[in-house]
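Here are my notes on this model. Please look it over first, then read the points in order.

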Amino acid sequence: VSTQSTGIAYKYNKAVISNIALYKRCELTPLSERIGGARWRMLGHILRSDDNTPAQLALHFAVNADATMKGRVGRHQNNLFRMLKSDLVARKIKLKNIDDLYYLKNLASDRSGWKRMQHFPV
């Protein structure tokens, strides 16, 4: 039995299966991909919401603060805005100022196009 075709390697008389082969065999997707998809869907909901909702106001503040204010001293902290920006960078979309945010809102208004962008390999 070839290890390339089954994805199983034998080590010390125990079968060891790779993560990729296990996901294929169980017909599942990795949790990191599922979380990334959920984050992308949430961003779409926020972008399509009214301009005076708390999430929309927080997004406007984060984009303005990122462009105009000096960051904090020390190690970079992971937060939702940084994760969303990294998702956008992977899709070759920039978010540097309010104009980019309005461009992103236009993209999110097309729900089917936004959903296709969710499956972009990150």
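1. Helix 4 gives the most to the lining of the largest pocket, namely four residues. Helices here are DSSP runs (H or I, at least four residues), numbered from the N terminus. A pocket is an open set of points on a 1 Å grid over the protein atoms alone, where a 1.4 Å probe fits, with protein on both sides within 12 Å along at least five of seven lines; lining residues have an atom within 4 Å of a point.

2. This is a predicted model: local features need pLDDT of at least 70, side-chain atom pairs count only at pLDDT 80 or more, and totals for chains, interfaces and linings use all residues. Residues are numbered from 1 along each chain as its sequence is written, and side-chain values use heavy atoms, leaving out hydrogens and water.

3. The largest pocket holds about 410 Å³ of space, a volume being the space filled by probe spheres set on the points. Its lining has 15 residues, with D66, G71, R72, N79 and R82 nearest the centre. Helix 4 and helix 5 each supply at least two of the lining residues.

4. Q56 also sits in helix 4. Q56 is buried, at 0% relative accessible area; buried means under 20% (1.4 Å probe, protein chains only). Beyond its neighbours within four places in sequence, Q56 is in contact with residues including I46, L47 and K105. Contact means heavy atoms within 4.5 Å.

5. I46 and L47 are among the buried residues of helix 3, as are R39 and W40. The buried residues of helix 3 pack against helix 4 (54-68), helix 5 (80-90), helix 6 (98-109) and helix 7 (111-118).

Key. Buried means under 20% relative accessible area, exposed over 50%, partly exposed in between (1.4 Å probe, protein chains only).
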